[in-house]
Structures are given as structure tokens and as C-alpha cells.
Amino acid sequence: MSASTVITILELAGLYVFATSGALMAVYKGFDVVGIVVLALLTALGGGILRDLIIGATPPAAFTELSYLVVPLLAAVVTFFAHGLVHRLTFTVLVFDAAGLGLFCVTGTLKAFDFGLGPLQAVLLGITTAVGGGVLRDITARETPALVQVETDLYAIPAAAGAVIVAVAHEAGLPVPAVAVGAAALVFAFRLTAMLRHWTAPRARHHDASGGRDVS
Amino acid sequence: MSASTVITILELAGLYVFATSGALMAVYKGFDVVGIVVLALLTALGGGILRDLIIGATPPAAFTELSYLVVPLLAAVVTFFAHGLVHRLTFTVLVFDAAGLGLFCVTGTLKAFDFGLGPLQAVLLGITTAVGGGVLRDITARETPALVQVETDLYAIPAAAGAVIVAVAHEAGLPVPAVAVGAAALVFAFRLTAMLRHWTAPRARHHDASGGRDVS
Amino acid sequence: MSASTVITILELAGLYVFATSGALMAVYKGFDVVGIVVLALLTALGGGILRDLIIGATPPAAFTELSYLVVPLLAAVVTFFAHGLVHRLTFTVLVFDAAGLGLFCVTGTLKAFDFGLGPLQAVLLGITTAVGGGVLRDITARETPALVQVETDLYAIPAAAGAVIVAVAHEAGLPVPAVAVGAAALVFAFRLTAMLRHWTAPRARHHDASGGRDVS
């Protein structure tokens with residue numbers, strides 16, 4: 001298999017597991033089949049659509065590559081009929097999700113460079129590609145986004161590390177394809193380790209737990 | 001009246017009732033006049049704006065046709081001053097809402113074809129046009145989107161049926177205008193029947209009501 | 001200093017305080033450092049990104065001007081390490097926030113005119129620029145948007161007043177730069193007065209507090 005075939009297969013696997021995480025949340029919340037399809041599509045495609053709208057790549061890739069729509073729809077159908085089985089595979093789903101995280105933060109960063117953005121902006125869009133769909137899933141399902149919560153194992157930070165590595169390599173004139181593969185693998189390992197060891201991101205010290213709001 | 005005049009009148013009527021549904025929710029939730037205007041505009045225009053951003057039709061139609069802004073603003077003003085009367089007309093609002101649903105899923109699908117998208121993508125954008133505003137309304141008002149809930153009478157599924165019919169006709173080379181009118185009428189009748197008979201969409205069997213979240 | 005230097009400094013100050021309001025909310029809600037950065041960026045940049053996507057100015061200014069990203073990131077870092085101090089400066093933050101409100105509703109309206117939009121549309125986008133980030137912050141943090149709530153001191157209405165003044169001057173052929181400065185100052189004073197006197201926007205009379213939802 002050529003490198004681009006491998007990347008395509010990994011991308012579709014990533015979309016499949018992202019969509020599965022959305023569909024499973026819809027099942028857990030008792031949503032109907034429409035909710036399952038909506039959350040599956042939003043989780044898998046939301047981050048890439050946000051990135052493409054921002055860089056001006058319209059229509060977004062999700063609307064030009066048929067497989068980008070078909071694969072998440074397939075994940076929704078499978079989860080609808082076999083969510084009990086899918087649920088038992090949660091750890092497997094999370095492993096593939098980590099692979100998707102690694103892949104999408106790298107490809108998102110590279111696509112932003114392709115459209116002429118600067119390195120900090122490309123990093124931000126790489127992270128958005130990887131984590132944006134999950135945030136849209138949580139907002140639509142009325143969950144506090146897992147991304148921002150202190151009890152969540154590191155998720156955005158591995159993606160940020162991968163995006164930064166790719167951006168540094170790009171700016172330094174290093175061979176980007178090789179670095180990109182390494183960065184995606186590193187994000188994958190970083191995320192899996194963070195999950196297994198329950199690493200969490202720091203929050204501000206001396207937290208005032210009042211939950212109050214003093215500014216509008 | 002010409003066909004295009006009829007379509008324009010129906011579109012504006014659809015925008016009016018979509019905006020009314022947003023304004024009424026704002027009134028029920030005790031929001032102020034700003035909230036009434038925001039929810040009215042978002043409900044009426046949100047779906048079409050999402051579609052236009054995705055297909056690259058900027059500025060979106062909502063920002064180029066003055067009547068697309070004026071009509072929802074009018075609905076917000078009327079609801080603000082006469083929401084008691086509007087509330088008594090809820091069934092009438094729902095009938096017009098069904099007409100808007102039928103119309104916008106058809107026109108949304110056709111506009112996506114005009115911008116060169118494929119049939120599955122056009123169907124998805126047709127549905128988005130029809131139901132996207134309601135989802136944005138619910139998210140902004142901190143309601144779980146009616147669209148995804150199992151107790152909601154069928155809403156997205158009639159829209160999907162209409163969009164599919166238009167896409168099949170388009171791909172098969174059938175006379176699209178005639179089919180489009182029929183599809184919009186069918187969606188209207190389908191949605192009204194679903195409301196009157198309280199048809200709901202299936203959810204996944206053996207629902208685990210724990211509401212837990214096992215994947216992030 | 002030239003006028004454009006003054007405007008740039010005020011804009012960056014506005015972005016800084018908008019980002020601070022997002023970061024503080026994340027601290028109050030116990031979010032981790034990722035949540036603090038996400039809410040800071042979303043609050044500061046969300047309104048302008050929405051405006052730029054709608055007028056077709058991609059990539060949005062937030063992704064072309066490095067300082068537009070660096071300043072909110074700086075605000076997130078400062079709030080993370082010194083939120084206790086920042087909290088004690090809440091009134092100062094609110095004063096700068098009012099300055100940002102005045103500035104962004106004016107610059108947003110002018111940018112929409114630059115891209116050929118009509119006066120009503122330009123007003124709407126001016127308001128969106130000024131208040132959109134705060135709405136996205138509240139939605140992501142699972143707060144009912146302060147913007148739509150009746151107990152919130154006037155916020156959108158001063159912004160609307162400023163946008164309307166700029167649009168009228170633009171349409172009437174008046175000297176726009178002079179009017180724009182005056183309009184921003186007026187919004188600033190209007191918002192500060194509304195805060196100090198707790199002016200609120202009207203809601204619909206005879207509010208039915210059932211919170212029920214009769215339309216979908």
C-alpha cells in the first residue's frame with residue numbers, strides 16, 4: 001500500500017470512531033435515530049468543517065469526498081443496531097479515537113499551511129480539526145464539553161503537541177511527511193498513556209468553587 | 001401570480017413562522033426583548049446561513065435579500081406585543097411551520113445542487129436548511145434540541161423524505177420544478193400527519209437509561 | 001500617535017478584556033487550562049470570526065493578524081496565574097469591556113459596509129461582532145446566554161445604538177470616521193450607565209412563567 005492509501009484508511013477509521021463516540025452518546029441520552037445520526041455526523045465532521053470554513057475551503061472536504069459522509073453514517077447505523085456490542089468495545093473505540101486524534105491534528109495543521117496560514121494559526125486549526133467535533137457533540141447533547149473539564153484525561157494537549165511539532169518542522173524546513181507520521185504516532189501514544197494513567201490538565205490554583213459569574 | 005411569486009410568498013411565510021417559534025420560546029423562557037429578537041432571527045435564518053456558508057455562497061441569502069431579515073424581525077415584534085394571541089394560534093403556527101419545513105428542505109436541496117454538490121450532500125444540506133435554525137434556537141435557549149429527542153413528533157424525517165425525492169428526481173433527469181412542488185406538499189402532509197398522530201422516530205433498543213458517558 | 005494606531009491599541013485592549021471575561025468564567029466553573037484557553041479565544045474572537053465568515057472574508061482577521069491571537073492567549077495565561085488579582089479588578093475589566101463593546105460594534109459595522117452589505121445587514125453584523133463572542137462563551141460553558149436574560153444590564157442595545165448611528169452616517173454621506181469615534185464613545189458611556197443604574201431591557205408583558213414549550 002502507498003503512504004497515501006494508508007493515510008486515507010486511517011482517516012476513515014478515525015471518522016468511523018469519532019462518529020461512533022457521537023452515536024453512543026446519543027444512545028446513552030435516549031435520543032432517537034435522528035439524534036444518533038446528527039451526533040455521529042457532527043462529531044466526525046464538525047472539526048474539519050470548522051477548519052475548512054475558516055481557511056475558505058468551501059465546500060468543506062466533508063461535502064466533496066463521498067466517503068467522508070458515508071463512513072460516519074455507517075457508524076451511526078451500526079451503533080443504532082449493535083450499541084450493546086459497541087459499548088463492550090469502548091476501550092477499542094477509545095484506542096481508535098486516539099489514532100484519529102493524532103491523525104486529524106496533523107492533517108488539519110498541514111491543510112492550514114496549504115492555505116497560507118501562519119504557524120500559530122495552523123496549530124490552532126490543527127487542534128480544532130481534532131477536537132472541534134467533540135465539542136459540538138457535547139454542546140448539542142447539552143453536556144459540558146469534556147474538553148474543558150478538569151476531570152477529563154488529557155485530550156487537547158496531546159493534539160496541541162502534535163500540531164506544534166508539525167508546525168515547527170514546517171517552519172524549520174524539515175521533511176514534513178516523515179515528521180507528520182512521527183507526530184501522529186506520538187499524539188497516539190501520548191493520549192493512550194494519559195488515558196491509562198488518568199493524566200489531567202492543571203486548573204487555576206485556589207479555585208473559588210462558587211460557580212458565580214462576576215462579568216458578563 | 002407566477003410560480004416564483006408563489007414560492008417567494010411561501011418562503012417569507014415560512015420565515016415568519018420559524019421566527020415566531022423562536023420568539024415564542026424566548027417569551028416562555030422569560031428572555032428580554034434582545035433574546036426574543038436573537039431567537040427569532042436564529043430560528044428563521046440559521047439553517048439557510050449554515051447551508052450558504054458550507055456551499056460557499058457568501059454573503060448568505062439572509063444578508064442579501066432585505067425581506068429575509070425584515071420578515072423575522074416583524075415576527076419578533078408581533079410576538080413581543082401579542083404573544084398571548086400568537087400562543088392561542090399555536091396550531092396555526094405549527095401548520096405554517098410544516099409548510100416552511102416542506103419548502104426549505106426542497107429549496108435547500110436545489111440550492112446545493114446549483115453549487116455543484118453531489119446528491120447525498122445536497123440531501124444533507126436540504127435537511128440542514130429546514131431544521132438547522134431550530135437546533136440553533138434550542139442550543140441558544142439551553143433546551144435539548146427537540147430534533148434529537150424521542151418524544152418529539154417526526155420533524156427531520158419528513159424533511160429528509162422531501163430532500164431525497166428532489167435529489168432522486170434531479171439525478172434521474174425528471175422535471176425538477178414539478179417534483180419539487182410535489183415533494184414540498186408531501187413533506188407538509190407527512191409532518192402534519194406525524195403531529196396529529198404523534199408519530200415518533202425509533203430509538204436504539206434496550207436503552208440503558210443510566211445517562212452515563214463512557215467515551216470522550 | 002495616528003488615529004489608526006489609537007484604534008489598533010483600543011482593539012487589542014478590547015480583545016484582552018473580552019478574553020479575560022471568558023477565562024474568568026472558565027476559572028469560576030472549575031475548568032482546566034484547556035477550558036480557560038478555549039473560552040478566552042472564543043469570547044475574544046468568536047464575534048469577529050462569525051462576521052468574517054458571513055461576509056466571506058476568509059481567513060477571518062483573527063487568523064491573519066498574529067496579535068489577534070497572541071493578545072487573547074496572553075489574557076488566558078495572566079488569568080490562569082493571577083485570577084485572584086484579575087477578579088479584584090472586575091470593575092476595571094467591565095469598563096474595558098464596555099470600551100471593547102463600543103469599538104467592535106463600530107468596526108464590525110464598517111467592515112460589513114466595506115464588503116458591500118446593506119445598512120440593516122451591516123448593523124446586524126456590527127452587533128454580532130460585539131456580542132457574538134460572549135454568546136459563544138456562554139453556550140460552550142453551558143450558561144444561558146447573558147445576552148438574552150432579562151436580569152442582565154443592557155449590553156446588546158448600546159451596541160445596536162452604535163451600529164445604527166454608524167449606518168445612518170454612512171448612508172447619509174456624513175464623515176464616517178468622526179461619527180464612528182463619537183458612536184463608540186456613546187456606546188461606552190451608554191453601557192457604563194446601564195451597568196451602574198442596572199438598566200434592563202423590557203420583556204413581553206404578562207409573562208407566562210410555565211416555561212412550557214408549545215411549538216417545536
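Student: How many residue pairs are in polar contact between chain A and chain B, and what makes a pair count?

Tutor: In this predicted model, the count between chain A and chain B is 5 residue pairs, both members at pLDDT 80 or more. Each pair qualifies because an N or O atom of one residue lies within 3.5 Å of an N or O atom of the other, with one able to donate a hydrogen and the other to accept it.

Student: How many salt bridges does the rule find across the interface of chain A and chain B?

Tutor: The rule finds 0 there. A pair would need a side-chain nitrogen of Lys or Arg within 4 Å of a carboxyl oxygen of Asp or Glu, and across the interface of chain A and chain B none is found.

Student: Which elements of chain A give two or more residues to the side that touches chain B?

Tutor: They are helix 1 (3-28), helix 2 (33-55), helix 3 (66-88), helix 4 (90-114) and helix 5 (119-140) of chain A. By class, that side of chain A holds 24 nonpolar, 9 polar and 8 charged residues.

Student: What is buried between chain A and chain B, and which residues of chain A lose the most area?

Tutor: The two chains bury about 3,200 Å² between them, with 66% of it on carbon and sulfur atoms. On the side of chain A, Y28(A), F63(A) and R142(A) lose the most area to chain B, together 21% of what that side buries.

Student: Why do we say that the copies meet through different surfaces?

Tutor: Start with the contacts: 41 residues of chain A touch 34 residues of chain B, with heavy atoms within 4.5 Å. Only 12% of the interface residues of chain A are also interface residues in chain B, so the surfaces that meet are different.

Student: How many residues of chain C are in contact with chain B, and which elements of chain C supply at least two?

Tutor: 34 residues of chain C are in contact with 41 residues of chain B. The count between these chains is 5 residue pairs in polar contact, both at pLDDT 80 or more. Helix 2 (33-55), helix 5 (119-140) and helix 6 (156-172) of chain C each supply at least two residues of that side. Helix 5 of chain C gives the largest share, 5 residues.

How values were computed: Residues are numbered from 1 along each chain as its sequence is written. Chains are lettered from A and ligands numbered from 1 in the order in which they are written. This is a predicted model: local features need pLDDT of at least 70, side-chain atom pairs count only at pLDDT 80 or more; totals for chains, interfaces and linings use all residues. Side-chain values use heavy atoms; hydrogens and water are left out. Buried area is the accessible area (1.4 Å probe) that two parts lose on being put together, summed over both. A polar contact is a pair of N or O atoms within 3.5 Å; within protein, one must be able to donate a hydrogen and the other to accept it, and residues adjacent in sequence count only if both atoms are side-chain atoms. Helices (H or I, at least four residues) and strands (E, at least two) are DSSP runs, numbered from the N terminus. Ala, Val, Leu, Ile, Met, Phe, Trp, Tyr, Cys and Pro count as nonpolar, Asp, Glu, Lys and Arg as charged, and the others, Gly among them, as polar.
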